[in-house]
Amino acid sequence: MSDNQDLRIAVLGVGIMGADHVDRITNKIGGARVTVVNDYSLARAEEIAALTPGARVVVDPFDAIAAEDVDAVVLATPGPTHEKQVLACLEAGKPVLCEKPLTTDADSSLTIVKAEAALGKRLIQVGFMRRFDHEYTQLKDLIDSGDLGRPLVVHCAHRNPAVPNGFDSAMIVKDSLVHEVDVTRFLLDEEITSVQIIRPAANSLAPEGIQDPQIAIFETESGRHVDAEVFVTTGVAYEVRTEVVGELGSAMIGLDVGLIRKTKPGNWGGQITPGFRERFGQAYDTEFARWIKAVKIGAGTGNYVDGPGAWDGYAAAAVCAAGVKSLETGQRVAVDMVARDSVAGPQR
Ligand SMILES: NC(=O)C1=CN([C@@H]2O[C@H](COP(=O)(O)OP(=O)(O)OC[C@H]3O[C@@H](n4cnc5c(N)ncnc54)[C@H](O)[C@@H]3O)[C@@H](O)[C@H]2O)C=CC1
Ligand SMILES: O=C1[C@@H](O)[C@H](O)[C@@H](O)[C@H](O)[C@H]1O
């Protein structure tokens, strides 16, 4: 596809994320337009299509993927629906940017990895947007420069003011902690081998039955330690912090300056971003701009991805599966993953 031609995109699931993605493709990023909108709620699909010049509603998600006026697909549907929709994209030979998580269990993610490998192309990008955030890329560059020495320990905090109704304890692992799983793999360039989830006293202000906060401990292939506090009902604001401690120094992102105290409504002499849309707006924009570019040149190379791919989605799902098991017992659980080399294909 030439650079002058617009990539024609179907967006499936136009809730919070999907509607934002339609807006960024239509109004913020060049080189693409939304031609098809689909949502389980027809009224919602119609509402978003009406705001999007040139977009039409297609009622069935699989018809939307297969549509002739669609070159590539964005999936912003809930995690449990991703497997079938991603496989349909592969079946149609269409590049897809699938919001995280790739799927909600390791087996289905592995099925996807293998299906993509069998095609001999890289068609799947997973929406781990932190890899495109300026602070995370600076931290990664610093680690790779060697200035911190060998990183030994990573500390993370991931706090949300609130989560949608129906969010349960396992979703804190699969929907929220999954970002720390990807960040760990991205920053340290190795797989996570075990997970332990510790359950501190639960927030009495959280919806009943939710174990929140949770503390996750990861061990990596070379024995490095990562801990992550995930607390998704703070009632305060959106905070994502990562500190890497190396043999020659340490570095932290996610704080503007020395933070003293944080309470409602989220002010401490500066501003804490209220949600992921504000904190990671730049990252989503960069992620989409780079994906659109990669898809346009993909036909020449067979690589339609610029960022985390199906393997990264599978690795994250496998770690989260171990995390969910550990959530039940509090014990350390080994991550059960196939060897990357055993999955022949373009993601290698
Ligand atoms: N990268 C990030 O920072 C974030 C990623 N997400 C991910 O984005 C995805 C969507 O999350 P939200 O926008 O927060 O959810 P949402 O609930 O606001 O939107 C989901 C939409 O999908 C529709 N839908 C449900 N089943 C469908 C199906 N089978 N086919 C078509 N449409 C269907 C719903 O009607 C709804 O409009 C999830 O995978 C979530 O984990 C969500 C928030 C932030
Ligand atoms: O992906 C996201 C949500 O789905 C998840 O529920 C939140 O915990 C994360 O902070 C956000 O980035």
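This is a predicted model: local features need pLDDT of at least 70, side-chain atom pairs count only at pLDDT 80 or more; totals for chains, interfaces and linings use all residues.
Residues are numbered from 1 along each chain as its sequence is written, while chains are lettered from A and ligands numbered from 1 in the order in which they are written. Local features need pLDDT of at least 70 and side-chain atom pairs count only at pLDDT 80 or more, whereas totals for chains, interfaces and linings use all residues.

Helices (H or I, at least four residues) and strands (E, at least two) are DSSP runs, numbered from the N terminus. Strands are taken to pair if DSSP finds at least two bridges between them. Strand S1 (residues 7-12) pairs with S2 in the parallel sense, over 6 bridges. Valine 11 has valine 37 of S2 as its bridge partner. From S1 the chain crosses through H1 to S2, and this β-α-β crossover is right-handed. The term right-handed means that, with the strands pointing away from the viewer, the path from the first strand over the helix to the second runs clockwise.

Strand S2 (residues 32-38) is mostly covered, with 6 of its 7 residues buried. A buried residue has 20 or more other C-beta atoms within 10 Å of its own, an exposed one 12 or fewer, and a partly exposed one a count in between; C-beta atoms are placed from the backbone. S2 also pairs with strand S3 (residues 56-57), in the parallel sense and over 2 bridges. There, valine 36 is bridged to arginine 56 of S3. A right-handed β-α-β unit is made by S2, helix H2 (residues 42-50) and S3.

An open sheet of 7 strands has the order S12-S11-S7-S10-S9-S8-S13, with mixed pairing. Its edge strands are S12 (250-253) and S13 (333-334), each of which pairs on one side only. Within this sheet, strand S7 (residues 151-159) and strand S11 (residues 239-246) pair in the antiparallel sense over 8 bridges. Histidine 158 has valine 240 in S11 as its bridge partner.

Helix H6 (residues 134-145) lies across S7, S11 and S12, and runs at about 170° to S12. Axes are lines fitted to C-alpha atoms, for helices over the stretch in contact, and angles run from 0 to 180 degrees between N-to-C directions. H6 and H7 pack at an angle of about 35°, and their axes are 9 Å apart. Tyr136, Leu139, Lys140 and Ile143 of H6 meet Val183, Phe186 and Leu187 of H7. Contact requires C-beta atoms, placed from the backbone, within 7 Å.

Arginine 290 belongs to helix H9 (residues 281-301). This residue is partly exposed, because 17 other C-beta atoms lie within 10 Å. Leaving aside neighbours within four places in sequence, arginine 290 is in contact with Asp306 and Gly307. Arginine 290 and glycine 307 are 17 residues apart in sequence but 8.3 Å apart in space, C-alpha to C-alpha.

Two ligand shells were examined. A residue is near a molecule if its C-beta atom, placed from the backbone, lies within 6 Å of it. Ligand 1 is surrounded by 25 residues, the closest being Gly13, Gly15, Met17, Tyr40 and Glu99. Helix H1 (residues 16-28) supplies the largest share of this shell, 3 residues.

Key. Two residues are in contact if their C-beta atoms, placed from the backbone, lie within 7 Å.
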